[in-house]
Amino acid sequence: RTEAQGDNILSTLLDSVDEDPLKRRSLRKSNSTLHLSDTPREESFERRLALATDCTEISTICAGSVQKLSAKSTRDGNSFDVTYAFTEPDSDDKRKCLACVSYLLATHPAVCVVEATVAVATQNDDASWVGQSNIQDQLPFHARGVDGTGQIVQVSDTGLDIGHCSFQPSAGVTPQRSPRANSPPGFDLSQKVIQYLWNALFEGGPNGEFKEDSGDDEDVSGGHGTHVVGSIVGDSSTVPKGMAPKGQVTFYDLQATGAGFTSPIHVRDRFLTFGYQAGARISSASWGGGVGAQMTFETAQYDRFMYENDDFLLIAAAGNAGRNGENTVLYPAVTKNGIGVGASFEHPSQDIMAEFSGQGPTADGRIKPDIVAVGTVDSALSQTGCGSAKFSGTSMATPIVAGAAMLVRQYFVDGF
């Protein structure tokens with residue numbers, strides 16, 4: 001792990017770049033071994049020559065913008081983080097600084113690819129019977145005791161109102177910062193919400209020094225996360241029940257009060273692993289970003305985790321950019337091993353795709369979304385005690401599919 005502060009960014013990067021910008025070391029893979037060869041890549045780097053000249057003054061360009069440049073090694077390879085001051089407004093200098101840092105990283109002899117981290121956002125009581133039978137008010141799974149008993153879902157979202165009547169008992173759960181990877185958090189199976197963690201950044205990897213929170217221990221009024229969880233495991237006599245009302249949830253908070261929504265940090269080492277260790281075999285993500293998203297390093301983290309744990313499934317919202325046409329499915333719904341969820345209209349038009357629902361194919365030609373569910377759902381409303389409201393979007397369709405997956409899993413696990 002290396003770090004550079006202020007003026008040291010220039011020397012840290014330039015010291016590791018070849019003198020000739022047109023001749024870089026390229027990597028080729030043979031028999032699972034990486035070999036270095038001096039292969040010219042003129043066409044690629046000629047286009048960057050002008051930028052490279054400008055970047056010789058990177059210390060001046062980046063003054064006041066970059067707080068820290070970090071390079072860290074993980075089990076998936078090396079990655080670099082450029083940390084900006086959140087208080088600094090967008091500017092031409094800030095963008096030029098980022099372009100220069102990206103260029104210098106891209107020409108580093110050990111770097112194969114540089115890609116952006118996708119900015120994400122949330123993607124918003126007929127749904128249960130439509131999902132179970134498509135016959136009004138008929139719930140055959142629930143009638144036979146397939147109601148989510150013994151099943152745990154991981155949900156990541158804006159927050160969760162654990163005091164809402166749909167999630168009782170939950171008084172025994174104590175929300176906490178997501179800990180380091182080598183310190184797995186506890187959970188309480190006697191509670192409806194068995195675990196509540198919030199997103200946190202650890203500098204230099206999941207076991208490094210704590211830096212900042214990007215989540216907290218609550219949901220805002222009318223919050224997205226409370227509604228989503230209610231659609232999966234909500235269980236109350238006065239609020240519409242979730243698809244798997246007897247199931248339980250481990251929650252991962254991705255938005256601090258007054259701050260923006262962030263994607264999970266340290267996806268495999270902490271986010272998915274902690275949910276899996278608590279017993280979750282389904283992860284529901286009613287959020288996403290990057291319309292027409294391609295397969296990236298971040299997306300691959302979800303696929304790799306599901307490959308290594310083939311009893312685990314990510315279910316993610318396809319997004320609400322369908323009016324823009326084809327190839328509008330978001331990250332992480334574009335994963336190869338996960339399920340991307342689109343939205344249909346509510347009853348009586350549940351067989352018609354909602355016009356806002358993200359459309360496939362993916363950038364690499366795969367069929368997405370994989371499945372569609374009703375996208376207008378009446379569910380728990382945060383900070384109301386026991387209220388509910390109707391929200392619409394692929395965010396609302398995704399928890400219906402996640403709850404249905406819990407029912408299917410219970411069916412086989414319990415031997416019905």
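Is Asp 370 buried, partly exposed or exposed? Asp 370 counts as partly exposed, because its relative accessibility is 41% and that class lies between buried (under 20% relative accessible area) and exposed (over 50%), with a 1.4 Å probe and protein chains only. This is a predicted model, in which local features need pLDDT of at least 70 and side-chain atom pairs count only at pLDDT 80 or more, while totals for chains, interfaces and linings use all residues. Residues are numbered from 1 along each chain as its sequence is written, and side-chain values use heavy atoms, with hydrogens and water left out.

**Salt bridges**

- Side chains of opposite charge can pair when their charged atoms come close.
- A salt bridge is a side-chain nitrogen of Lys or Arg within 4 Å of a carboxyl oxygen of Asp or Glu, and the whole structure holds nine of them.
- Glu 308 and Arg 268 form one, with N and O 3.1 Å apart. Glu 308 belongs to helix H10 (residues 297–308) and Arg 268 to helix H9, so this pair ties together parts 40 residues apart in sequence. Helices (H or I, at least four residues) and strands (E, at least two) are DSSP runs, numbered from the N terminus.
- Within that pair, Glu 308 is partly exposed at 40% relative accessible area, whereas Arg 268 is buried at 3%.
- Asp 311 and Arg 281 form another salt bridge, with their closest N and O atoms 3.1 Å apart. This pair links distant parts of the chain, 30 residues apart: Asp 311 is in the loop between H10 and strand S15 (313–317), and Arg 281 is in the loop between H9 and strand S13 (282–285).
- Asp 311 is partly exposed at 33% relative accessibility, and Arg 281 is buried with a relative accessible area of 17%.
- Asp 370, the residue of the opening question, pairs with Lys 368, and the closest N and O atoms are 2.7 Å apart. Lys 368 is buried, with a relative accessible area of 5%.
- Asp 235, Lys 241 and Lys 246 are joined in a network of salt bridges.

- Rolling a probe the size of a water molecule over the atoms shows where empty space is left.
- A cavity is a set of points, on a 1 Å grid over the protein atoms alone, where a 1.4 Å probe fits but cannot get out; its lining residues have an atom within 4 Å of a point.
- The largest cavity has about 30 Å³ of space, where volume means the space filled by probe spheres set on the points, and grid points are joined across faces, edges and corners.
- Its lining residues are Thr 158, Asp 216, Glu 218, Asp 219, Val 220, Gln 255, Ala 256 and Thr 257.
- Sorted by class, the lining has two nonpolar, three polar and three charged residues. Ala, Val, Leu, Ile, Met, Phe, Trp, Tyr, Cys and Pro count as nonpolar, Asp, Glu, Lys and Arg as charged, and the others, Gly among them, as polar.
- Asp 216 sits in the loop between strand S11 (209–213) and helix H8 (224–233).
- Asp 216 is buried but has no salt bridge, and Arg 177, the nearest side chain of opposite charge, is 11 Å away. For charge, Lys and Arg count as positive and Asp and Glu as negative, while His and the chain ends are not counted.
- The side chain of Asp 216 does reach the backbone nitrogen of Glu 218, at 3.3 Å.

**Buried parts of helices**

- In H8, 10 of the 10 residues are buried, so this helix is largely enclosed by the rest of the structure. Among them are His 224, His 227 and Ser 231.
- Arg 270 is in helix H9 (residues 267–277) and counts as buried, at 0% relative accessibility.
- The C-alpha atom of Arg 270 is 8.9 Å from that of Asn 182, and the two residues are 88 apart along the chain.

**Backbone details**

- Most residues other than glycine have a negative phi, and most peptide bonds are trans.
- The peptide bond from Gly 360 to Pro 361 is cis, with omega near -5 degrees. Pro 361 is in the loop between strand S16 (339–344) and strand S17 (371–374).
- The bond from Lys 368 to Pro 369 is also cis, with omega near -5 degrees, and Pro 369 is in the loop between S16 and S17.
- Asn 327 has a positive phi, near 55 degrees. Asn 327 lies in the loop between S15 and S16 and is partly exposed at 29% relative accessibility.
- Gln 383, which is not a glycine, has a positive phi of about 55 degrees. Gln 383 is in the loop between strand S18 (376–380) and strand S19 (388–392) and is exposed, with a relative accessible area of 52%.

Methods. 1 Å grid on protein atoms, 1.4 Å probe; cavity = no way out; pocket = protein on both sides within 12 Å on 5 of 7 lines; lining within 4 Å. Polar contact = N/O pair within 3.5 Å; in protein donor to acceptor, adjacent residues only side chain to side chain.
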